[in-house]
Every structure is written in structure tokens, then in C-alpha cells.
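Here is a short report on a protein model. It takes up cavities, salt bridges, a strand and record annotations in turn.

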Protein chains: 2
Amino acid sequence: MASIKDVASLAGVHRSTVSRIINGEGKFRSDTKRKVERAMAELNYRPSAIARSLATASSNMTGLLVTYYTGGFFGEMMEQVQAELDQHDKFLITAQGHRRADGEREAIRRFHDLRCEGYILNSRYLSDDELRELAQEPTPFVLLDRVVEGLESRCITFDHSLAAKMAVDYLVEQGHSDIACISGPRNRASCNQRYQGYVQALKNAGLALDPRLTVEGNYGRESGYLAAQKLYHTAPEMTALFSCSEEMMQGALQFFHEHHVEIPRQLSLISFDSIDLCATMYPFVSSVHFPISDMAQVAVGLLMSQINQQDACIQRHFEPELRIRNSVNRREFVSG
Amino acid sequence: MASIKDVASLAGVHRSTVSRIINGEGKFRSDTKRKVERAMAELNYRPSAIARSLATASSNMTGLLVTYYTGGFFGEMMEQVQAELDQHDKFLITAQGHRRADGEREAIRRFHDLRCEGYILNSRYLSDDELRELAQEPTPFVLLDRVVEGLESRCITFDHSLAAKMAVDYLVEQGHSDIACISGPRNRASCNQRYQGYVQALKNAGLALDPRLTVEGNYGRESGYLAAQKLYHTAPEMTALFSCSEEMMQGALQFFHEHHVEIPRQLSLISFDSIDLCATMYPFVSSVHFPISDMAQVAVGLLMSQINQQDACIQRHFEPELRIRNSVNRREFVSG
DNA sequence: GTGAAAGCGCTAACAG
DNA sequence: CTGTTAGCGCTTTCAC
């Protein structure tokens with residue numbers, strides 16, 4: 001592989017001249033420039049990003065931590081992040097956390113080993129304390145969809161609880177009172193927040209919280225199916241169902257179809273959604289939208305401004321949006 | 001950020017000793033080792049992968065070219081590739097081709113700039129010639145789901161045509177004769193192969209190829225919906241439909257549901273599938289499975305063996321698999 | 001067993 | 001405008 005030296009000697013100039021021409025610094029006689037350019041072309045020369053990193057003490061790399069790649073959600077995130085990063089001419093390094101604090105730690109270690117200039121972390125298993133500790137290190141990072149006290153300026157946030165509440169409020173407005181919920185694993189903060197939004201909405205509406213009406217899944221499709229099955233048998237009075245994830249709604253819908261439950265005539269449905277899976281279901285399912293891709297985009301902007309030590313005024317908080325489709329029926333008040 | 005020098009001076013030894021200890025080369029007095037290890041811990045030292053790359057002339061990075069990140073298909077690929085790479089302690093660099101030869105070229109350029117040791121290319125827009133040229137360069141690469149004459153040993157292949165044929169054969173076996181097809185953009189090789197498989201199956205069965213019965217989509221959900229709509233109106237006699245992609249089948253199914261076409265009573269469905277989307281539809285849709293994730297896994301193995309210049313005996317060709325679910329009805333022979 | 005010295009491919013003052 | 005020199009953080013001979 002040709003190095004800058006080869007180019008220099010072929011062009012009959014010094015390495016530093018070649019370097020300057022590559023980086024467009026200063027002025028040169030047009031013929032030196034031509035000679036160098038020709039030499040580069042002839043040798044098919046491309047500067048080594050690695051050597052450059054070492055010399056400039058800046059890797060031009062950004063680390064992105066996700067939980068895993070499959071499922072669409074993270075793809076959406078990566079798509080945005082990469083697109084933004086491309087604009088800034090940065091390399092994207094991704095790593096998976098594998099649903100374990102350990103995995104996330106290891107991922108960050110890899111970023112660090114590569115001397116990434118900054119990280120975008122969709123961390124779900126590292127503790128607040130550990131994150132605050134990480135903030136002591138010199139490498140800037142941004143937390144995507146997480147709030148950690150003391151790290152506010154690095155957090156891109158979304159109010160999961162409010163979002164869930166909006167969804168359930170809508171069901172209430174439509175006259176429903178026997179509203180079931182398929183929650184996620186409640187030991188994960190954002191999952192629990194979604195569940196709490198459900199609880200809150202019921203409370204505000206003066207409805208009792210019936211434990212039979214909520215079943216916990218794991219965000220996967222299969223668990224949604226199972227949850228629907230359980231609800232179908234143990235809570236036949238439910239007239240509406242709220243799912244904390246789109247995949248679980250997919251599974252639930254599958255179950256209801258198989259058992260010929262007519263949607264929305266017999267059962268109204270609403271779901272959390274981030275990659276518009278709800279718009280691919282039959283029937284289209286109403287949802288509260290979690291704008292992960294907008295958030296990812298902003299995350300890059302925020303990180304860049306931190307790297308450049310400038311105080312960009314960036315909107316860090318995102319609002320839920322209700323997307324009404326045709327899976328919810330108005331329920332008339334039934335006396336007695 | 002602490003460097004090897006800092007560690008050395010804190011431990012009171014020379015840099016090279018630290019280096020040896022890090023890499024476990026040679027023997028050392030146990031107390032030097034202890035001193036060094038303590039110094040590393042104290043300084044929270046991690047060797048710079050970049051400096052290491054430069055010194056050893058091996059970046060430990062592998063480039064993966066995909067078309068884009070969204071949609072599940074590429075996530076599946078990345079998941080496997082990253083998992084395998086982790087095992088080999090390599091960094092994964094990804095880049096998108098953006099459905100353009102230019103984009104793919106640019107992606108490979110980035111890999112090259114980073115001096116990746118090898119590439120895994122799911123290239124769809126670079127010409128065979130260009131790929132053969134690339135093969136002249138010293139960096140090894142593997143072609144994922146592509147066959148290029150002269151580059152056989154680098155190709156992980158799948159017979160799209162055979163797969164499509166198997167799907168349509170199955171429909172024929174079940175007694176269907178008015179079989180429609182939603183194809184992909186036929187200017188893309190693998191898409192056209194799938195279409196040709198459909199053509200071949202009809203031919204073998206002695207069925208005429210009716211142009212009204214095939215409509216071209218773009219692999220996206222929306223285009224499947226539109227295709228179904230078109231077929232519904234212009235070819236009401238169809239009793240079975242084969243889709244060249246799972247997303248298009250999703251869209252088509254949506255249309256049929258909306259128009260109360262009963263599946264499979266009135267219409268039988270079969271689709272290409274790679275990430276089991278067909279198993280999330282209602283009803284479950286039968287499919288031919290394109291084992292992209294197995295192929296991705298093998299790609300890493302093949303690449304590694306090329307990087308290490310060893311001749312691993314690796315299975316490079318993959319077979320389609322029919323996955324019968326409940327979307328196809330047997331059609332009894334109707335005389336007259 | 002460990003230190004000295006050179007070098008990986010590049011950039012960045014500093015001269016001239 | 002261009003060459004010289006030193007150095008980024010590490011590895012790798014080669015001595016001792």
C-alpha cells in the first residue's frame with residue numbers, strides 16, 4: 001500500500017508538502033500541486049486515517065451503543081446517526097450492549113480503545129452512578145432516551161409516562177373503562193414509566209386498577225401473543241387494550257385474529273410505536289409515537305457541539321404524538 | 001489520556017517492557033509484572049488501538065457494506081457479523097451503499113481509508129468488472145449473496161431462482177394455475193432471478209405466462225399494497241400469489257384484508273422471506289426462506305480464513321427452504 | 001528479563 | 001512556497 005513517502009518521492013517533493021496539499025493548507029505553485037496530484041493518482045494513494053488519527057490526536061470516530069441490531073428499532077437509530085455523521089465526515093463505530101450492564105461496559109471500552117471522540121449511548125443497563133462516573137472522563141457522550149440527574153445537558157429525553165397516559169386517556173375519552181395493558185419488563189426504567197402512565201390515566205379517570213388487566217411481556221412479539229391469550233381468558237370484560245410495544249401488539253393482534261375477535265368492534269387497540277409497525281398491521285393500529293429517529297438525529301448534533309466545545313442550543317426533549325388510526329371504537333355508556 | 005509512557009515511568013520500567021506485558025510476550029520477573037499492572041490500573045490505562053494498528057500494520061477492523069440499516073434485513077446481517085467478529089476480537093465498521101454504485105464505492109473507500117483488514121460486501125450496484133478489479137487490490141473481501149465469475153472462492157451464494165421456483169412449484173402442486181407474482185425491480189440481478197424462477201415454474205407446469213399476472217414492485221411494503229390492488233382489479237381469476245419479498249407481501253396482505261379477500265379460501269399466498277416476517281402476518285404466510293443470517297455468519301468465517309491466508313473448507317452455497325404455514329389452500333381441479 | 005533505538009504513516013511547528 | 005525536524009503511542013528487533 002502506497003504511503004505518503006512514495007507519493008512524495010514520485011512527485012519529487014517532501015512529505016510535508018504532500019500532506020499540505022492533501023489538507024489544502026497554505027498555497028503552492030500550481031505545478032507542484034499538479035505533480036503531487038498526479039503521483040497520488042498514479043499510486044492510487046489514499047491517506048491512512050489511522051496514521052492521521054495518531055498524528056492529530058483525533059480519531060474522527062464516534063461510538064454508538066445499541067442493545068442489539070435486529071428488530072428495526074435500532075436500524076432506525078443507526079440510519080439517522082450514520083446519516084448525520086456522514087455529513088460531518090466522521091466514522092461510525094457501533095457496538096451492542098446485549099441487554100447486560102457488562103455488555104454495555106465492554107462496548108464503551110471498545111469505543112475508548114479506538115479513542116472515539118464521542119459516544120452516543122442508548123444505555124439501558126448501566127446505573128446512573130456509573131454514567132455519572134463516566135462523565136468524569138474526558139470523552140464527551142450523549143445519552144439517548146435516558147434521564148440521569150446531574151447529566152441533564154447530555155440527555156435526549158422522552159416522557160414515556162406521559163406518552164402512555166395520552167394513549168390510555170384517548171381510550172378513556174372514547175368511553176372505555178375496562179382497559180387492559182401489556183407492559184414491558186417493569187424493572188427497566190422506561191418500561192415501568194410506560195406502565196405508570198397507564199396507571200395514572202386510570203386513576204385520573206376514576207377507574208380502578210385491576211391487576212388482572214395488566215400482564216407483563218418482554219417487548220417481543222411472542223410475549224404479546226401470550227399476553228393477549230391470558231387476557232382473553234382471564235379478563236373477558238376488557239373492551240380496550242394498550243400495548244407498551246409495537247411488537248407485542250403484533251403478537252396480540254395475531255392472537256385476536258385467530259380467535260375471531262373483531263377489531264375494533266369487539267376490542268379497541270392502541271400501542272406504543274416507534275418505527276410505524278402499527279401502520280403495517282391489519283387493521284391499522286392507533287398509537288403514540290416515540291420519535292426515536294428524530295431523537296437520534298439530534299443526539300449527533302448535541303454530541304458534535306460537545307466535541308467542539310460549543311454551546312449549541314438544541315432541543316433535547318421530545319413530545320409524544322398520538323396517531324389515530326382505525327383500531328379504536330367509541331364505546332357508548334352502558335348503564336347498569 | 002494516559003499513554004504507555006506514563007505507565008512505564010510510574011512503574012519505573014521501560015515502555016517496551018510494558019508493551020511486552022500487555023501482549024504477554026516473553027517472561028518477566030513477577031514483581032515487574034505486578035508493578036506494571038498496578039500502574040496500569042492506577043492510571044486506568046488502555047492501550048490505543050490506533051497506535052497499535054499503526055505499529056503492527058493491522059487495524060483489526062473489518063468493513064461491512066450494506067444497502068441501508070432500516071428494515072430488519074440488514075440488522076439480521078449485522079447481528080451475525082458482529083457476533084462472529086467479536087469472537088475474533090475485531091472491530092466492525094459499517095457503511096451504507098444507499099442503493100447506488102457510487103455509494104458503495106464511497107463506502108469501500110472509507111473501509112480502505114481505515115485500512116480494514118477485509119471487507120464483507122453485500123454489494124448490489126457495483127458491476128462484476130469493478131468487483132474483479134477490486135480483487136486485484138491486496139485487501140481480501142467476501143461477497144455476500146452474489147456470484148461473480150472469476151471470484152467464486154469469495155462468493156457466498158444463494159440460488160434465488162431455484163428458491164422462487166420451489167415456492168411456485170408448491171403452488172402448482174396444490175392445484176393452482178392462475179398464479180400471480182409481485183416481483184422486485186428486475187434490473188437488479190437477484191430480483192430478476194426470483195422472477196425467472198417464477199417463469200420457469202410456470203413453464204415446467206405447462207402454464208402460460210400471462211403478463212397481467214405479474215406486477216413489479218420495489219420490495220417495499222407500499223409497493224406490495226399497490227401491486228395487490230392492481231392484480232385484484234385486472235386479474236380477478238388469480239387463485240394464488242407469490243411475492244418476491246416479505247415486505248411486499250405485508251402490503252399485499254393489508255390490501256386483501258381491507259377488501260375482505262379470505263386467505264387462503266379465496267386466495268393462496270406464498271412469499272420470499274428472510275427475517276421471518278411471514279410468521280408475524282395474519283394468517284401466517286408460507287414462504288421460501290433465504291437464510292441471510294447463516295450466510296452472514298459464514299461470510300465472516302470465510303473472510304477470516306482469507307485474511308489468515310488459510311484455505312478453510314467452508315460451505316459457500318446455501319439452499320432455499322420451504323416453510324409451509326397456513327396461507328395456501330389446495331385447489332381442486334375444476335373441469336370445463 | 002529488560003532497556004535502547006528505530007520505525008509505522010502522518011501532521012505540525014519552525015526555518016528559510 | 002517548501003524542506004527539516006520532531007513527535008503522536010505503540011511494537012519490534014537487537015543488545016546486554
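Which residues line the second largest cavity? The lining consists of A:Gln82, A:Phe91, A:Leu92, B:Ile93, B:Thr94, B:Ala95, B:Arg110 and B:Phe111.

## Basis

This is a predicted model, in which local features need pLDDT of at least 70 and side-chain atom pairs count only at pLDDT 80 or more, while totals for chains, interfaces and linings use all residues. Residues are numbered from 1 along each chain as its sequence is written, chains are lettered from A and ligands numbered from 1 in the order in which they are written, and side-chain values use heavy atoms, with hydrogens and water left out.

## Cavities

A search of the whole structure gives 3 cavities of 30 Å³ or more. A cavity is a set of points on a 1 Å grid over the protein atoms alone where a 1.4 Å probe fits but cannot get out; lining residues have an atom within 4 Å of a point. Grid points are joined across faces, edges and corners, and a volume is the space filled by probe spheres set on the points. The largest cavity has about 190 Å³. Its lining counts 14 residues, and the closest to the centre are A:Thr280, A:Met281, A:Tyr282, B:Met281 and B:Tyr282. Helix α11 (246-258) of chain A and α11 (246-258) of chain B each supply at least two lining residues. Helices (H or I, at least four residues) and strands (E, at least two) are DSSP runs, numbered from the N terminus. By class, this lining has 6 nonpolar, 8 polar and no charged residues. Here Ala, Val, Leu, Ile, Met, Phe, Trp, Tyr, Cys and Pro count as nonpolar, Asp, Glu, Lys and Arg as charged, and the others, Gly among them, as polar.

The second largest cavity holds about 50 Å³. At least two lining residues each come from β2 (91-96) of chain A, and from β2 (91-96) and α6 (101-113) of chain B. The largest share, 3 residues, belongs to β2(B). The classes are 5 nonpolar, 2 polar and 1 charged.

## Salt bridges

Over all chains there are 36 salt bridges. The criterion is a side-chain nitrogen of Lys or Arg within 4 Å of a carboxyl oxygen of Asp or Glu. A:Glu216 and A:Arg186 form one, at 3.7 Å from N to O. A:Glu216 lies in strand β7 (residues 214-216) of chain A and A:Arg186 in the loop between β6 (179-183) and α9 (189-204), so the pair ties together parts 30 residues apart in sequence. A:Glu216 is partly exposed at 47% relative accessible area, and A:Arg186 is partly exposed at 29%. Buried means under 20% relative accessible area, exposed over 50%, and partly exposed in between (1.4 Å probe, protein chains only).

A:Arg325 and A:Asp273 also meet in a salt bridge, at 3.7 Å from N to O. A:Arg325 is in the segment after β12 (321-323) of chain A and A:Asp273 in strand β9 (residues 268-273), so this pair ties together parts 52 residues apart in sequence. A:Arg325 is partly exposed at 22%, whereas A:Asp273 is buried at 1%. In chain B, B:Asp31 and B:Arg29 pair at 3.4 Å from N to O. B:Asp31 is partly exposed at 31%; B:Arg29 is exposed at 60%. A network of salt bridges links A:Arg46, B:Glu106, B:Arg109 and B:Asp113.

## Strand β9 of chain B

In strand β9 (residues 268-273) of chain B, 6 of 6 residues are buried. In a regular strand the side chains alternate between the two faces of the sheet. On one side of β9(B) lie B:Ser268, B:Ile270 and B:Phe272, and on the other B:Leu269, B:Ser271 and B:Asp273; both faces are covered.

Strand β8 (residues 240-243) of chain B pairs with β9(B) in the parallel sense over 4 bridges. Two strands pair if DSSP finds at least two bridges between them. B:Phe242 stands opposite B:Ile270.

## Record annotations

An unreviewed UniProt entry lists "domain: HTH lacI-type" for residues 2-56 of chain A. UniProt positions follow the numbering used here, feature names are shortened, and annotations may be inferred rather than shown by experiment. That span is 71% helix and 0% strand, with its end C-alpha atoms 20 Å apart.

The UniProt annotation "domain: HTH cro/C1-type", also from an unreviewed entry, covers residues 3-46 of chain A. Residues 3-46 are 70% helix and 0% strand, and the end C-alpha atoms lie 8 Å apart.

Conventions
On a 1 Å grid over the protein atoms alone, a cavity is a set of points where a 1.4 Å probe fits but cannot get out, and a pocket is an open set with protein on both sides within 12 Å along at least five of seven lines; lining residues have an atom within 4 Å of a point.
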